[in-house]
Amino acid sequence: MNTEAVRASLHQIPLPDGDQTLDVRDILVEGDWIGVSLRTDEETGPDPRVLYEGLAAAFPAATIEVRTGGQVY
């Protein structure tokens, strides 16, 4: 598990609105923890819960954190 694998997985997650772009600020991987920070907020970007669920499915042994607009999922 590394940042490249996480980035590739993020872009494979189907977003409910196909026209939304995924604007990733940062990806951190430490041990079995994945942290993803998005530049968009909850109202203008993709639903962070969808990203969380997609990453959890791709990396079932990892602890996932998706941050956006001051929220953590």
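Is Ser37 buried or exposed? I started there. I was working from a predicted model. Ser37 has 17% relative accessibility, so I logged it as buried; the cut-off is under 20%.

**Entry 1: around Ser37**

I placed Ser37 in strand β2. I then listed what it touches, leaving out residues up to four places away in sequence. The list holds Val24, Arg25, Asp26 and Arg67. Val36 was my next stop. With that same exclusion of residues up to four places away, I found Val36 touching Val6, Leu10, Val24, Asp26, Ile27, Leu55, Glu65, Val66 and Arg67.

**Entry 2: the overall layout**

I counted two helices and four strands in the chain. Read from the N terminus, the elements go α-β-β-α-β-β. The chain has 73 residues, and 33% of them are buried. I looked up the accessible surface and got about 4,400 Å². Carbon and sulfur atoms account for 45% of that surface. I also checked contacts between residues at least 6 apart in sequence. Of these, 58% join residues at least 24 apart.

**Entry 3: the sheet**

Which order do the strands take in the sheet? I read β1-β2-β3-β4. The sheet is open, has four strands and shows mixed pairing. β1 and β4 (71–72) stand at the edges. Each has a single partner strand, so one side of each lacks a neighbour in the sheet. I looked at β1 and β2 in detail. They run antiparallel and are joined by six bridges. Across from Val29 I found Ile34 of β2.

**Entry 4: helix α2**

Which residues of α2 are buried? I noted Pro48, Val50, Leu51 and Leu55 in this helix, which spans residues 48–58. Viewed down the axis of α2, the buried residues fall within an arc of 155°, so they line one face of the helix. I turned to the face away from the buried side. Glu53 and Ala57 are exposed there. I then asked what covers the buried residues of α2. The cover includes α1 (3–10), β2 (33–38) and β3 (63–68).

**Entry 5: the core**

I looked up the largest nonpolar core and found 16 residues in it. Val6, Leu10, Val36 and Leu55 touch the most other members. I checked where the members come from. α1, β1, β2, α2 and β3 each supply at least two residues of this core. My contact list for Val36 from Entry 1 includes Val6, Leu10 and Leu55. As background, I noted that nonpolar side chains tend to be buried together in soluble globular proteins.

**Entry 6: salt bridges**

How many salt bridges does a search of the whole structure find? I got two. One joins the side chains of Arg39 and Asp23, at 3.3 Å from N to O. I traced both ends: Arg39 lies in the loop between β2 and α2, and Asp23 in the loop between α1 and β1 (24–30), so the pair ties together parts that are 16 residues apart in sequence. Arg39 is partly exposed at 48% relative accessibility. Asp23 is also partly exposed, with a relative accessible area of 31%.

Arg67 and Glu65 meet through their side chains in a salt bridge too, at 3.0 Å from N to O. I logged Arg67 as partly exposed at 43% relative accessibility. Both Arg67 and Glu65 were already on my contact list for Val36. Arg67 was on the list for Ser37 as well.

Notes: Residues numbered from 1 in each chain as written. Predicted model: local features only at pLDDT ≥ 70, side-chain atom pairs only at ≥ 80, totals over all residues. Heavy atoms only, no water. Buried < 20%, exposed > 50% of the residue type's maximum accessible area, 1.4 Å probe, protein only. Contact = heavy atoms within 4.5 Å. Areas by Shrake-Rupley, 256 points an atom, 1.4 Å probe, with all protein chains shown as cover. Arc of directions from axis to C-beta. Salt bridge = Lys/Arg side-chain N within 4 Å of Asp/Glu carboxyl O. Core = buried A, V, L, I, M, F, W, Y, C linked by side-chain atoms within 4.5 Å. Pairing = 2+ DSSP bridges.
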